[in-house]
Amino acid sequence: MKPKGTFNLFARRKDWESLWYSLLAIVFSFLLVALIMLAMGYNPINAYAALFRGSFGSVYAISLTLCRSVPLIFVGLAVGFALKGGMFNIGGEGQLYMGGFTSAVTALILPQGMPVFISLPLAILAGMVAGMVWGGAIGLIKAKLQINEVIVAIMLNYIAQLLTSFFVNKYFMAKGSMTPQTEILPAGMQLPNIVANSQLTTSLYIALFMGVVYWFVFRHTVFGYEVNALGNNPSAAGTGGVHTVRTTVLVMAFSGALASMAGIFEVFGTYGRFIDGFSPGIGFTGIAIAFIGQGKPLGIILAAILFGSLQAGAMQMSLMEGVSAHIDKVIQGLVIVFIATPNFIRYLLNRKTR
Amino acid sequence: MDAIRMNNITKTFGTTVALAGVDLRIRVGEVHCLLGENGAGKSTLMNILYGLYRADSGDIAINEVPVEINSPKMAQSLHIGMVHQHFMLVESMTVLQNIILGNEEGTFAIDYKKCRERIEVLEHLYHFDFDLDAKVSELSVGEMQRVEIFKAVYRGADIIILDEPTAVLTPQEVSVLFRILDDMRNQGKTIVFITHKLQETMRLSDRVTVLRNGRFVQTVETKDMDPETLATMMVGHAVELVTHKGACCPGDPVLEIRGLKIFSTSENTINLTVRAGEIYGIAGVDGNGQQELERFIVGTERPKIGEVWLNGSDISACTVAKRKKLGLGVIPSDRHRNAILPGMSIVDNFLLGLQRNSRFSSMGLVRHKALEAYAESMITAYAIKVSSEHQHISELSGGNQQKLVFSREVGLDPVLLVAAQPVRGLDIGAIDYIHNQLLELRDRGQAILLISTELSEIMEMSDRIGVLYKGGLIVERDADDFTVEELGLYMAGGKGA
């Protein structure tokens, strides 16, 4: 088997070096955007101050930031998990739609009398199984037919999004609703808020818990070791008795389950229902987060919070300083560019030291 | 007159010093061997001469004229040609097309007639004999190499550098090559011959320059030398070139291969038995099915025709993991591809293949303490040079990586050890070490299948030898019943043997 499709962006560099690159990428992006704002006639210091107030300036701001971060943590972990196994899961978007939709429908069709402590886990589990199938299929197709996982994943994204849209519009549309969305979930099924009057729910704890699980899998389990070996050198892993086909499928299935949780907890937490097309590309942002976090759970969580804070603060910045709220996308994009070009950063560093 | 004069050449890659102030003087019309172990800097020095690398400092003169060589193109214009270890031929094109590639006659269309005439003149002069219209993909390795050499001549090279040219050849092909080189020297060409083999240095060269660890050791007249002295210069201390092999007392069959077909087109099948306490050597020129055989035994590929038995049970359908459990140890021929996890630590690399062994894992969790203790004991027992067992394995030298792989695969006493090219790319000290370890394992009653394209290794180590040719085992005898020449003939297809 040819070792192709392996992404080793964060496998080789030393830990501190990776961290340093991530930090620099973020700093460079903010500086560059400051220049853009200057050129456009805004005061970047005021703008960034407003951004900061909007994301961390109050309890409400912080809860908004964290609320935006929760799905990003899940997809970040999902992409990171796949990358550890040498695979690129660009299918998070499809997996989170499948997960969110399946769990919402399960919650709605389960008998009302069922105790919540049974029905809620059941609904969540159903969504995760859907995500596992949607992700595992990518792994299976890659392992058995040697078809590049990126292409399959992108196709499955379309199918998932359009399929869920079709079902919501055709069979599960809330009565009297103008937008395609399901009925609101029974009150008992919605996760409780952590901060009153905010959208931040206990899903945050689940996201953090999954970060711990992720760490544990790679630090302590044989499976985690085999995934790592597969991602590091698939050919040597195979010679060392790692069942490459099975492991490939499992990696993508678990990655899909993690990504599906992003959708599931938007449904059970933030929105309380499944809304057609609810994700503004969360699954794709997960790729950037996994790279900034260098595949490490703590890094992924911090990167997710950074991106969450940009999304949360952008509105405030736009209101107070008139800078377009889309500037957060520019910052995100630049961070990705800098992360993807470590040699460029190395070049900048060397120039400074010379 | 000196054809080549390189003064005080220094070259560093990052923090590693590849060459430290090396001097080289090569006379016009001599065959000059550049002798040294792997990593001594031989190829680096010649790549600088050929314009592939630039030296950090030092200067070069060709035919006593100072020059700066920035590119292979420039080297060619100075009449320098180089034949690399990996051939630079277009396999789908003919010999003729390959020879003229980049130097075509004619203005718009290629004037094949003129090219052919020029080639034939040169062929006659240097006693080459090509089928110019054969596709390169149909040629044997030896023929391809001769095309490469001729290509350099066609481009007008007076100085021809050959980088370890005999590594891929059978003994017969080696003697053809040496005849050609002798011929070319007699016609006034200058030959630089990179090698780490003492015998061919003695046989071929007029003078020898020895490099060690990127430093110049000495340039000497070959006729004043003997292999032992050269080996001492090469390694830096006295070495014993003999391996002590005791009598072999084989036990029960451990590995049996029955009717195995390597390629679906192979005429011959493989039938062999490796018994406990013996080393069975598989000889053959590279590309005759060695890697496939290795994969069939390891289990990364399943044979379509034929069976593999281990300790009396058919394992043809078993997974790699299952075979490992049954006691299979493997030193893969391609270490980088199949034996190590380059981005991971030394400890993690010790776990590879043992991750499902109950000694190192329980309930799906890795037993870090047991693993680290094991890694440490292996590092000590096999004298693996590391600064910490949590270092990345890629920071180790090739020899130490191979020692790690070796210790990992034999550490838990496998019933069968498959050692494929176990010393490829290692220096003399490490080769000696691995060879003696293999013999010790044999004496302790382990079955060893040695797959090697190095004839001397096969002869020296094996108790029995089988020759692999085009995917079939064409002959099998006790090692003592073969002469080197016979083996060479069988490796070339057995005609006339």
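This is a predicted model: local features need pLDDT of at least 70, side-chain atom pairs count only at pLDDT 80 or more; totals for chains, interfaces and linings use all residues.
1. **Confidence.** The model has an ipTM of 0.83 and a pTM of 0.79. For chain B, pLDDT averages 89, and 98% of the residues in that chain reach 70 or more.

2. **Overall form of chain B.** You will find 17 helices and 22 strands in chain B. Its radius of gyration is 25 Å, close to the 23 Å that the globule rule gives for 497 residues, so chain B is as compact as a globular protein of that length. Along the principal axes, the C-alpha atoms of chain B fill a box of roughly 70 × 50 × 45 Å.

3. **Burial and contact range.** In chain B, 44% of the 497 residues count as buried. If you take the contacts in chain B between residues at least 6 apart in sequence, 67% of them join residues at least 24 apart.

4. **Where the chains touch.** The contact draws 20 residues from chain A and 25 residues from chain B. On the chain A side, the elements giving two or more residues are α8 (222-232) and α9 (234-239) of chain A. Of these, α8(A) gives the most, with seven residues. Sorted by class, the side of chain A that touches chain B has six nonpolar, 12 polar and two charged residues.

5. **Helix α4 of chain B.** Helix α4 (residues 112-126) of chain B has 15 residues and, at 1.5 Å a residue, should span 21 Å. The C-alpha atoms at its ends are 21 Å apart, which agrees with that expectation.

6. **What follows that helix.** Directly after α4(B) comes B:His127, with a positive phi near 60°. B:His127 has this positive phi although it is not a glycine. The residue is found in the loop between α4 and α5 (141-154) of chain B. B:His127 has 11 C-beta neighbours inside 10 Å, so it counts as exposed, the cut-off being 12 or fewer.

7. **Another positive phi.** B:Met363 is also not a glycine, yet has a positive phi of about 55°. B:Met363 is found in the loop between β17 (361-362) and β18 (365-366) of chain B. With 7 other C-beta atoms within 10 Å, B:Met363 is exposed. If you review backbone torsions, B:His127 and B:Met363 can be viewed together.

8. **An open sheet in chain B.** Four strands of chain B make up an open sheet, ordered β12-β11-β14-β15, with antiparallel pairing. At the edges stand β12 (270-275) and β15 (313-314) of chain B; each has a single partner strand, so one side of each is left without a neighbour in the sheet. Within the sheet, strand β11 (residues 253-260) of chain B and strand β14 (residues 307-310) of chain B run antiparallel and are joined by four bridges. Across this pair, B:Arg258 stands opposite B:Glu307 in β14(B).

9. For B:Ile331, the bridge partner in β19(B) is B:Ala419.

How values were computed:
Residues are numbered from 1 along each chain as its sequence is written. Chains are lettered from A and ligands numbered from 1 in the order in which they are written. Two residues are in contact if their C-beta atoms, placed from the backbone, lie within 7 Å. Ala, Val, Leu, Ile, Met, Phe, Trp, Tyr, Cys and Pro count as nonpolar, Asp, Glu, Lys and Arg as charged, and the others, Gly among them, as polar. The expected span of a helix is 1.5 Å times one less than its number of residues. Two strands pair if DSSP finds at least two bridges between them. pLDDT is the predictor's confidence in each residue, from 0 to 100. A residue is buried if 20 or more other C-beta atoms lie within 10 Å of its own, exposed if 12 or fewer, and partly exposed in between; C-beta atoms are placed from the backbone. The radius of gyration is taken over C-alpha atoms; the globule rule is 2.2 Å times the number of residues to the power 0.38.
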